[in-house]
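This report describes one protein model, from its overall properties down to individual residues. The sequence and structure come first.

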Amino acid sequence: MTKPRILCMVDLEPYPDVRAYLEQHADLTVEPSDETRLLELVPDYDAYFGHIHVRVSRAVMERGAPRLKAVASPTTGTDHIDLTACAEYGVEVVCIKTEYDLLRTFTATAELAWGLLISVMRELPAAHGRAVAGHWDRDLFTGHQLRGKTLGILGYGRLGTMVAEYGKAFQMRVIAHDIKPFRADGVESVDFDTLIREADVLSLHIHLTPETERIIGRSEIARMKPGAVLINVSRGALVDEEALVEALEAERLGGAGVDVITDEWSDNLENHP
């Protein structure tokens with residue numbers, strides 16, 4: 001029986017066991033992440049294994065039909081995949097969103113959220129820049145301590161619960177909002193408006209869906225505390241980035257720590273907010 005052909009645009013060099021397994025069960029081709037290359041190659045493959053950096057668009061489905069049967073992504077989010085087009089063409093989408101035992105071992109994103117929070121509250125990037133330039137401005141970069149501040153968490157799922165524990169360890173008041181009711185020691189369940197109004201630090205831990213796109217918009221930013229800090233390690237499109245930039249430039253907010261932006265796969269980000 002002929003092995004199925006898999007096109008992989010995930011770097012497998014750090015994972016030799018994964019590569020060996022795939023090569024045992026399939027005819028594997030590994031390519032760098034590139035949307036143009038994906039469109040070129042996809043008609044000749046039964047499955048595509050790729051990361052968030054390349055969009056799986058309707059055009060990919062059209063080019064892959066009728067051979068393409070599966071799209072796999074080692075992510076919890078699938079906003080880089082046109083799920084409607086996949087369904088129309090009968091292509092199965094596989095991700096790790098429900099691999100709960102595995103996901104509980106992944107703490108890096110929550111740790112990064114806390115690293116960004118500390119960096120903003122203590123003004124570490126600016127202080128570091130000054131130190132590298134030869135200045136030692138201890139009084140200029142005193143920053144703010146976290147004890148007694150209110151940490152607001154939007155999305156009390158896997159990552160939200162981790163960040164909440166960090167907040168409690170730093171003796172913060174922790175409040176959270178989630179679409180599902182929850183009870184947790186040391187965490188107050190609040191409505192969305194209370195979360196926005198009372199958080200000194202607002203940390204986002206929800207999936208991007210049509211309902212959550214720009215959930216932190218101009219109105220929400222205007223209702224946040226003066227000097228509040230926004231942390232986003234989920235998806236850039238959860239936030240109205242132009243409104244966020246305006247609030248930062250006007251010093252309406254105290255800072256923002258993000259490792260995601262909208263259209264981050266774009267080749268030209270020079271004009272991005």
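The mean positions of the 28 positive and 44 negative charges of the protein lie 5 Å apart. Lys and Arg count here as positive and Asp and Glu as negative, with His and the chain ends not counted; a charge is placed at NZ of Lys, CZ of Arg, CG of Asp or CD of Glu.

The model is predicted: local features need pLDDT of at least 70 and side-chain atom pairs pLDDT 80 or more, while totals for chains, interfaces and linings use all residues. Residues are numbered from 1 along each chain as its sequence is written, and side-chain values use heavy atoms, without hydrogens and water.

**Overall properties**

Along the principal axes, the C-alpha atoms fill a box of roughly 70 × 50 × 35 Å. The protein has eleven helices and eleven strands, taken as DSSP runs (H or I of at least four residues for helices, E of at least two for strands) numbered from the N terminus. Of the 273 residues, 39% are buried, where buried means under 20% relative accessible area, exposed over 50% and partly exposed in between. Among contacts (heavy atoms within 4.5 Å) between residues at least 6 apart in sequence, 55% join residues at least 24 apart.

**Nonpolar cores**

In soluble globular proteins, nonpolar side chains tend to be buried together. A nonpolar core is defined as a set of buried Ala, Val, Leu, Ile, Met, Phe, Trp, Tyr and Cys residues joined through side-chain atoms within 4.5 Å. The largest one has 24 residues, and Leu-117, Leu-151 and Val-201 touch the most other members. Two or more residues each come from α6 (108–121), β6 (150–154), α8 (158–169), β7 (173–177) and β10 (229–232). The largest share, seven residues, is that of α6. Beyond its neighbours within four places in sequence, Leu-117 is in contact with Leu-146, Leu-151, Val-201 and Ile-231. Apart from this core lies another, of 21 residues, including Phe-192, Leu-202, Val-239 and Leu-244.

Ser-203 belongs to strand β9 (residues 201–204). Ser-203 counts as buried because its relative accessible area is 2%. Residues up to four places away in sequence aside, Ser-203 touches Ala-113, Leu-151, Gly-152, Ile-153, Leu-154, Val-163 and Ile-231.

Asp-240 sits in the loop between β10 and α11 (241–249), and its relative accessibility of 9% is why Asp-240 counts as buried. The Asp-240 side chain reaches the backbone nitrogen of Ala-243 at 3.1 Å. With neighbours within four places in sequence left out, the contacts of Asp-240 are Arg-214, Ile-216, Gly-217, Arg-218 and Ile-221.

**Backbone geometry**

A cis peptide bond, with omega about 0 degrees, joins Ala-65 and Pro-66. Pro-66 is in the loop between α3 (58–64) and β4 (70–72).

Glu-251 is exposed, with a relative accessible area of 68%.

Terms used: Buried < 20%, exposed > 50% of the residue type's maximum accessible area, 1.4 Å probe, protein only. Polar contact = N/O pair within 3.5 Å; in protein donor to acceptor, adjacent residues only side chain to side chain.
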